[in-house]
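Good morning, colleagues. I would ask you to look at the model on the screen before I take you through two parts of it.

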Amino acid sequence: MKIMHLLSSNKFSGAENVVCQIISAFKETDIEFIYVSPDGPIADKLKQLHIRFVPVKYLNILDLKKIVKEEKPDLIHGHDMLASLFATIAVRRIPIISHIHNNNFGFKGIVPFAMAATYRMAAHRAKHIFWVSEAAYQGYRYKKHYKEKSSILHNVIDIEELYKKVKLDNCEYRYDVIFLGRLTFPKNPERVLSVIQKVKENKKDIKVAMVGTGELDEKIRNQVEEMKLQQNIELYGFVENPYKILKNSSIMLMTSRWEGLPMCALEAMALGVPIVSTPTDGLKEVVQEGITGYLREDDAELADKILEILRDEKLRSELSVNAYEQSLQINSIDKYREEIFRVYKECVNDKGYEISAE
């Protein structure tokens with residue numbers, strides 16, 4: 001059986017990471033996967049992971065039709081709204097799974113409303129819809145029309161592989177706080193600076209790592225200088241293997257405007273790093289208040305919680321142990337693969353396929 005994963009981005013980030021996790025979870029099966037997206041930095045990552053990549057210059061109907069004709073996939077797994085829409089328009093007789101990785105439908109205004117309305121075309125055509133979190137599903141205003149074909153599929157990570165990556169880095173790091181993510185509007189990195197500035201009022205020597213890049217890169221670098229945080233914040237940009245930096249940080253700070261169920265949060269928990277975050281979407285489903293971290297809306301309260309953890313070694317140790325133990329419970333690759341496999345079988349059942357995950 002051949003599954004085509006379709007994405008609209010040419011970079012390696014959240015949804016792209018999830019796709020690689022899915023393909024990796026099925027590596028011992030007889031299911032064939034191809035990864036289709038615009039060509040770009042993602043190509044190097046896929047090559048490292050030995051994932052077959054079929055690139056396009058940009059996502060468009062004609063190229064997509066051509067790829068489908070040549071590859072003859074049995075099912076298309078479209079990721080997020082745009083890729084799901086392109087699959088819907090380009091293909092008629094092949095089953096489509098739509099996979100929504102975030103919750104940006106719920107904001108007020110004409111653009112979010114138009115996005116939600118437009119996505120109805122893909123939602124109607126899809127044989128199944130995976131929502132990354134309950135918040136993502138609940139945030140979609142037309143969800144009641146697609147309840148029967150929807151299910152929540154929480155992201156998972158391979159903890160063993162994560163620790164192998166940590167060991168590959170021989171450098172030493174020590175940070176009080178880490179921000180790990182794209183420097184983009186949804187991640188709201190400007191707010192990270194605001195929170196750290198408040199922390200600095202009570203801890204002059206606060207040390208922060210900001211790992212990631214994006215369209216706000218230059219703006220963040222300028223703001224760090226304007227706010228006189230150069231001695232406190234180290235801007236790493238993109239790092240291929242950031243996990244030793246993450247493990248050697250006391251706290252992960254997240255300030256996202258919206259999220260799905262971020263992989264970096266799962267990675268932080270698996271490495272025993274407590275999370276202090278805005279109460280955003282999927283994070284509310286994994287961060288247990290006072291047990292694995294804290295969720296606060298106000299910048300001053302976020303700063304207070306960071307200071308509280310840094311000043312109380314016993315508290316930090318307890319949060320760390322609890323985060324790791326919870327990660328063991330929620331990151332079951334076997335259950336994840338079984339749920340995806342169940343949906344794959346259901347979606348191609350009309351064609352009479354017999355496939356095996358053995």
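I shall speak on a sheet and then on a helix.

Please bear in mind that this is a predicted model. Let us begin with the sheet. Six strands make up an open sheet with parallel pairing, and their order is E10-E9-E8-E11-E12-E13. The edges are taken by strand E10, residues 233–237, and strand E13, residues 293–295; each has a single partner strand, so one side of each is left without a neighbour in the sheet. On average, neighbouring strands of this sheet are turned by 20 degrees against each other, direction ignored.

Ala-209, for instance, has Glu-234 in E10 as its bridge partner. Across E9 and E10 lies helix H9, residues 217–226, which runs at about 165 degrees to E10.

I turn now to helix H15, residues 333–347. Its 15 residues, at 1.5 Å a residue, should span 21 Å, and the end C-alpha atoms are 21 Å apart, which agrees.

Which residues of H15 are buried? They are Tyr-336, Arg-337, Ile-340, Phe-341, Val-343, Tyr-344 and Cys-347. Viewed down the axis of H15, the buried residues fall within an arc of 165 degrees, so they line one face of the helix. An α-helix has 3.6 residues a turn, so residues three or four places apart point the same way.

The cover over the buried residues of H15 includes strands E1, E2, E4, E5 and E6, together with helix H1. On the face turned away from the buried side, H15 carries the exposed residues Lys-335 and Glu-338.

Thank you for your attention.

Notes: Residues numbered from 1 in each chain as written. Predicted model: local features only at pLDDT ≥ 70, side-chain atom pairs only at ≥ 80, totals over all residues. Heavy atoms only, no water. Pairing = 2+ DSSP bridges. Helix = DSSP H or I, 4+ residues; strand = E, 2+ residues; numbered from the N terminus. Axes fitted to C-alpha atoms, helices over the stretch in contact; angles between N-to-C directions. Contact = heavy atoms within 4.5 Å. Expected span 1.5 Å × (residues − 1). Buried < 20%, exposed > 50% of the residue type's maximum accessible area, 1.4 Å probe, protein only. Arc of directions from axis to C-beta.
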